[in-house]
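Visitor: Please pick one part of this structure and look at it closely. I want the numbers, the cut-offs behind them and the neighbours it packs against.

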Amino acid sequence: MTLPAAPDATPAIRAAADLWKPVLVRAAVALVFGAITVFWAAPSEAGMGWAGGLYLLATGVVMLWTVPKTGFRPREGAGKILSAGGAALAGAGAAVALIPAPLVFGTIAALGLGVAGAAELVAGISARGRSVLARDWITSGVIGLGTAIALPFFIGLGPHALLGVAGGGAIISGVLWMLSGLTLRHDAPGDSAEAVN
């Protein structure tokens with residue numbers, strides 16, 4: 001049986017072993033939303049609100065689910081920042097779903113993505129060397145901020161354009177999170193006899 005190098009490394013190893021699950025769920029949410037935006041030729045305002053709102057809400061919930069698995073405490077440091085970003089994104093998603101209008105989508109979704117992106121960027125920078133997700137948070141934060149900056153410029157073009165911008169950011173971040181989740185899954189200690197020996 002292989003023991004951890006230090007006795008206090010065991011909780012971090014256990015946390016990293018489960019981290020791939022929320023990361024892959026986040027990737028799936030983003031890629032499904034991105035695929036919907038690519039193939040939906042003429043979305044209505046209500047369709048835009050529901051599709052975009054559910055995407056933002058689900059992504060925010062997954063961000064909140066990820067925080068405890070990183071080993072960060074939800075009310076301290078990077079955990080607090082990520083929790084605030086996830087809550088802002090989930091709240092923006094609920095608002096966008098309940099008030100389906102291009103102006104609401106372009107402003108509220110941009111605010112939610114901007115707050116979540118800034119939170120991931122700050123958490124990634126502060127967690128360098130302490131979390132395997134630090135670089136992914138930095139990249140995802142930049143993608144979120146870029147999408148947030150672009151969205152308001154497409155309000156006048158209607159639901160299809162707004163979903164296209166949000167979906168483009170979702171596809172890019174979905175691929176990032178999929179690669180991260182698969183890497184974490186591959187590197188996670190398994191429960192098989194080979195991992196124990």
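Guide: Axes here are lines fitted to C-alpha atoms, for helices over the stretch in contact, and angles run from 0 to 180 degrees between N-to-C directions. The model is predicted, so local features need pLDDT of at least 70 and side-chain atom pairs count only at pLDDT 80 or more, while totals for chains, interfaces and linings use all residues. Residues are numbered from 1 along each chain as its sequence is written, and side-chain values use heavy atoms, with hydrogens and water left out.

First, the setting. The protein chain has 7 helices and 0 strands. From the N terminus on, the order is α-α-α-α-α-α-α. Helices (H or I, at least four residues) and strands (E, at least two) are DSSP runs, numbered from the N terminus. Of the 197 residues in the protein chain, 45% are buried. Buried means under 20% relative accessible area, exposed means over 50%, and partly exposed is in between (1.4 Å probe, protein chains only). The accessible surface of the protein chain comes to about 9,900 Å². Carbon and sulfur atoms hold 70% of that surface. The areas come from the Shrake-Rupley method with a 1.4 Å probe, and for residues only the protein chains shown count as cover. Among contacts in the protein chain with a separation of 6 or more, 74% link residues 24 or more positions apart. Contact means heavy atoms within 4.5 Å.

The part to examine is helix α2, residues 45-69. Start with its length. α2 has 25 residues, so at 1.5 Å a residue it should span 36 Å. Its end C-alpha atoms are 36 Å apart, which agrees. The expected span is 1.5 Å times one less than the number of residues. Gly71 follows α2, with a positive phi near 95°.

Next, its partners. Helix α4 covers residues 102-126. The axes of α2 and α4 come within 11 Å and cross at roughly 15°. That makes the pair roughly parallel. Angles under 35 degrees count as roughly parallel, over 145 as roughly antiparallel, 65 to 115 as roughly perpendicular and the rest as oblique. The contact uses Glu45, Met48, Gly52, Leu56 and Met63 of α2. On α4 the residues are Pro102, Phe105, Ala109, Leu113, Ala116 and Glu120. The crossing of α2 and α4 is left-handed. Left-handed means that the near helix is turned anticlockwise from the far one by less than a right angle, and right-handed means clockwise.

Helix α6, residues 159-187, also packs on α2, at an angle of about 20° and with the axes 10 Å apart. α2 and α6 are therefore roughly parallel to each other. Glu45, Met48, Gly52 and Tyr55 of α2 meet Pro159, Leu162, Leu163, Ala170 and Ser173 of α6. This crossing is left-handed too.

At 5% relative accessibility, Thr59 counts as buried. Beyond residues up to four places away in sequence, Thr59 touches Arg26, Val29 and Leu89. Val29 is 30 residues from Thr59 in sequence and 6.9 Å away, C-alpha to C-alpha. Val96 is 42 residues from Leu54 in sequence and 8.6 Å away in space, C-alpha to C-alpha.

Helix α3, residues 77-98, holds Ala90. Ala90 is buried, with a relative accessible area of 13%. Leaving aside neighbours within four places in sequence, Ala90 is in contact with Leu56, Leu57 and Gly60. Ala90 and Leu57 are 33 residues apart in sequence, yet their C-alpha atoms are 3.9 Å apart.

The axes of α5 and α6 come within 9 Å and cross at roughly 175°. They are therefore roughly antiparallel to each other. Among the residues that meet are Trp137, Ser140 and Ile143 in α5 and Gly169, Ser173 and Trp177 in α6. Trp137, Ser140 and Ile143 are among the buried residues of α5.
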